[in-house]
Amino acid sequence: MTSFRTLVLGFFILYPLLGVSAPIGYGKLTYQLPEPGSYDLPSLGLAADGEVLTGDGESIRLHSAFDKEFTVLAFIYSSCNDEDGCPLSSYVLYQLKNEIDRNQELEKKLKLISLSFDPVFDTPEMIKLYENGFKKKGEAKNHWDFLTTRNERKLEPILKAYGQDVQRIETSDKKVSVFSHILRVYLIDKEKNIRNIYNVDFLHKDMILNDVRNLIESGNSKRQLAIKDKSYLEPGDYRSGYENYSFKTRSKSVEQRVGNQIDLMIHAKKKHLGYPSLNVPTKNQLTKDKVHLGRTLFFDRRLSLNDTFSCAMCHIPEQGFTSNEMATAVGFEGRSVKRNAPTLLNVGFAKKFFHDGREDSLENQIWGPLLAKNEMANPSIGFVINKLKNIDKYKVLFKEAFGDAEITMLRVSDSLASYQRTLIAGSSRFDRWYFDNSEDALSDSEKEGFKIFTGKAGCSSCHVIGTSDALFTDESYRNTGLGYSRAMQVEDDVVPVQVAPGITVNVDKSIVDQVSEDMEVDLGRYEVTQDPNDRWFYKTPSLRNIQLTYPYMHDGSLGTLEEVIDFYDNGGIANPLLDPLIKPLGLTKEEKQQLVDFLESLTGDDVSLVVADAFSAPIGDPK
Amino acid sequence: MLARTNHFKLALFLVAVLIPFDILSKPLGGNFQLTDSNKQDFSLDSLKGNVVLMFFGYTTCPDICPTELSKLSIILNSLGSKSKHVKGLFVSLDPNRDRPEKLKEYVKFFHREIIALTGKESEVEKVANMYGVSYSKNIRPDGNYFLDHSANLYVLDQEGKISAVAPYGFPISHVIQLIEQMN
């Protein structure tokens, strides 16, 4: 009010002089907006309803004024004179109105509403006069409604629901209060969901129109055609070369990722080159509805004690369905888990689960993390079941999947297992080369790597490649010495900690120990068999998609494939139970590189499919 | 005694509450008399036959009034020959400071044809209430004051009836379009 910056027309001139720029809404956008249909605008919650008055003094529900597919809602009051406030929103709405006048499609789809903050002076009569300015002769219906409220009592809950904090400042003569508020304009869809909120920095007609077009495009079933940058469908980062300065991340902004739902049933049932048939128990055949339910549960944070932790938070889709940043998993409230989160890609082909193989079915496995105190921390099975019973959505989903709405322990595990079985990440270059005789699928270096893998290094003794399919695991348990060294603390006094690509700092182990919780003792397979000869034995993991599933080993202690190869080249870590197959290999630098190249050819093209599908799944949140 | 005091309070309360409602419940607008910057009596009716663009403000207003007045001047200029039948009115909400001489000096700066009006405080208040204008004094520690006031532009038709109100912030083109529709 006391500012000079809005002076006359010089306001455009003065703004730069004062070193502040005019709100973008008055000018042209200086950047290009993303392609409509290429981005997500998740719902920001339901747009509130309330009792309002029209210019004719008729009392209506605010929701009934949202009578087109999209509504732009702004709050105004007549004595607002902050250029960054109501005048800006009125200006932008006016621009939108002109666009609507010019475009018949928009006219059918877009509604503008200005709702007054000031029931005392913006009476129905006054807002009728505002509206008159936009009524064309002979036109019955406006595409811009001006609304007000009967009194403060009716207005207050609406403002509160929209998060429009209004402060009333009494002037010195105590006559009229001045309103102080933060400019917000809301884009609302036909389901009355708020899809975007614009503040002074983003309020621009082109931005709003782009969002509207984006939502129209996204509602279109052909939306995947609109995805221009396919790289956002790809799996995430991988660490190859992380030890060098020249390392460049391949990670993609999660915000910009685009979900793309696929028919997981078709995906699961088709023949995947180089894969055996899926292990599906006769009692839990795959059905579309079960998979859908399992997928919904998988991403639902309410499956944990305090509604914060979903399966997907350790088995992160874009991080190879494991957690790339954690050597060992961190669960509920930051509690440490003693082992690395295994990938769920191709988990449907496994016969044993957990690094110690303590479960032999996915159906049984799922209750492990759900009930572990340091994972999802549910106190009991019944607790999980009862929680799901109280969520309306699940009544419908369980009925669709199982014929009636009853929620049981078996049904929860059947559906979660069903979803995980569909996470098949086939179609790798190795498969095309090895099983389909496609000579060009692998480079010479990769082919050399294969020779070393199956020959000199002997990797395939445990990471088995069959004649008709290859899971790269013998499903047995081995002692590499890593578990032994951790348990016996035969580590060095100085720990190398890599803080950035190419930068490693040697830190005294006592300092590292200060910042981390004492790791629980881990005896491996022994914990299941109680046989002393099974101490520090862990399951041989599959190597498929290994490029994406770092860090490696049962404890995530090795960050890159190079480190893993060095580890085996050195013959593991000596201990009485070391696997006899593990011995120094004498690999040259070139051979090591060829091995890495070969391992990187095991990444399946289909990872993109299941990752993009995961991004289209609903995230279950308490709200 | 107590009961009587309470009745008195209630009556006072009702008067306080109902008076503004009474004012606001009447239709907005209507004829009024004030004094122009040449110290001549002015009646809105004298402008019948013209489209009138009316704005309320005060000359020491730092931001919106000059913005709105220069908009008004651009509108009048761009209407060209049509502007003969379009009049600009600037009503001071600060009659104690905005005496005719000062007003004359002030509006001249924007456009010759803008008529500036002032009057007794009570007269101005009456007009403001007729047109649903909210305004109040905001006194600063140094004794100076600003007025917080609504900044709507009133478009009156040839009969002196309010045809439309453009809330502050609407582009010039909108007002020109309104006027063109009325001719």
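This is a predicted model: local features need pLDDT of at least 70, side-chain atom pairs count only at pLDDT 80 or more; totals for chains, interfaces and linings use all residues.

Student: Among contacts in chain A between residues at least 6 apart in sequence, what percentage join residues at least 24 apart?
Tutor: Residues are numbered from 1 along each chain as its sequence is written, while chains are lettered from A and ligands numbered from 1 in the order in which they are written. Two residues are in contact if their C-beta atoms, placed from the backbone, lie within 7 Å. Among contacts in chain A between residues at least 6 apart in sequence, the share joining residues at least 24 apart is 70%.

Student: What percentage of the residues of chain A count as buried?
Tutor: A residue is buried if 20 or more other C-beta atoms lie within 10 Å of its own, exposed if 12 or fewer, and partly exposed in between, with C-beta atoms placed from the backbone. Of the 623 residues of chain A, the buried share is 41%.

Student: Which element of chain B has the lowest mean pLDDT?
Tutor: Elements here are DSSP runs numbered from the N terminus, with helices (H or I) of at least four residues and strands (E) of at least two. Chain B has a mean pLDDT of 82, and 86% of its residues reach 70 or more. Among its elements, S2(B) has the highest mean, 93, whereas the lowest, 54, belongs to helix H1 (residues 2-25) of chain B.

Student: Which strands of chain B stand at the edges of the sheet?
Tutor: Two strands pair if DSSP finds at least two bridges between them. In chain B, an open sheet of seven strands with mixed pairing has the order S2-S1-S5-S4-S3-S8-S9. Each edge strand has a single partner, so one side of it is left without a neighbour in the sheet; these are strand S2 (41-43) and strand S9 (162-166) of chain B.

Student: What angle does the direction of helix H5 of chain B make with that of S9(B)?
Tutor: Axes are lines fitted to C-alpha atoms, for helices over the stretch in contact, and angles run from 0 to 180 degrees between N-to-C directions. Strand S1 (residues 33-36) of chain B and S2(B) pair in the antiparallel sense over three bridges, with Asp41(B) as the bridge partner of Thr35(B). Helix H5 (residues 172-182) of chain B packs on the sheet and touches strand S3 (51-57), strand S4 (86-92), strand S8 (153-156) and S9 of chain B, and its angle to S9(B) is about 170°.

Student: Which residues are exposed on the other side of H5(B) from its buried ones?
Tutor: In H5(B), Val175(B), Leu178(B) and Ile179(B) are buried. Their arc, taken from the directions from the helix axis to the C-beta atoms, is only 95°, which puts them on the same side of H5(B). These buried residues pack against S3, helix H2 (64-79), S4, S8 and S9 of chain B. On the other side, the exposed residues are Ser173(B) and Glu180(B).

Student: What is the bridge partner of Leu115(A) in S5(A)?
Tutor: Strand S5 (residues 144-147) of chain A is covered on both faces, with Trp144(A) and Phe146(A) buried on one side and Asp145(A) and Leu147(A) buried on the other. Four bridges join it in parallel to strand S4 (residues 110-116) of chain A, and the bridge partner of Leu115(A) is Leu147(A).

Student: Where is omega of the peptide bond from Tyr550(A) to Pro551(A)?
Tutor: Most residues other than glycine have a negative phi, and most peptide bonds are trans. In the loop between strand S13 (538-539) and helix H20 (561-569) of chain A, which holds Pro551(A), Asn545(A) is also found, with a positive phi near 60°. The bond from Tyr550(A) to Pro551(A) is cis, with omega near -5°.

Notes:
pLDDT is the predictor's confidence in each residue, from 0 to 100.
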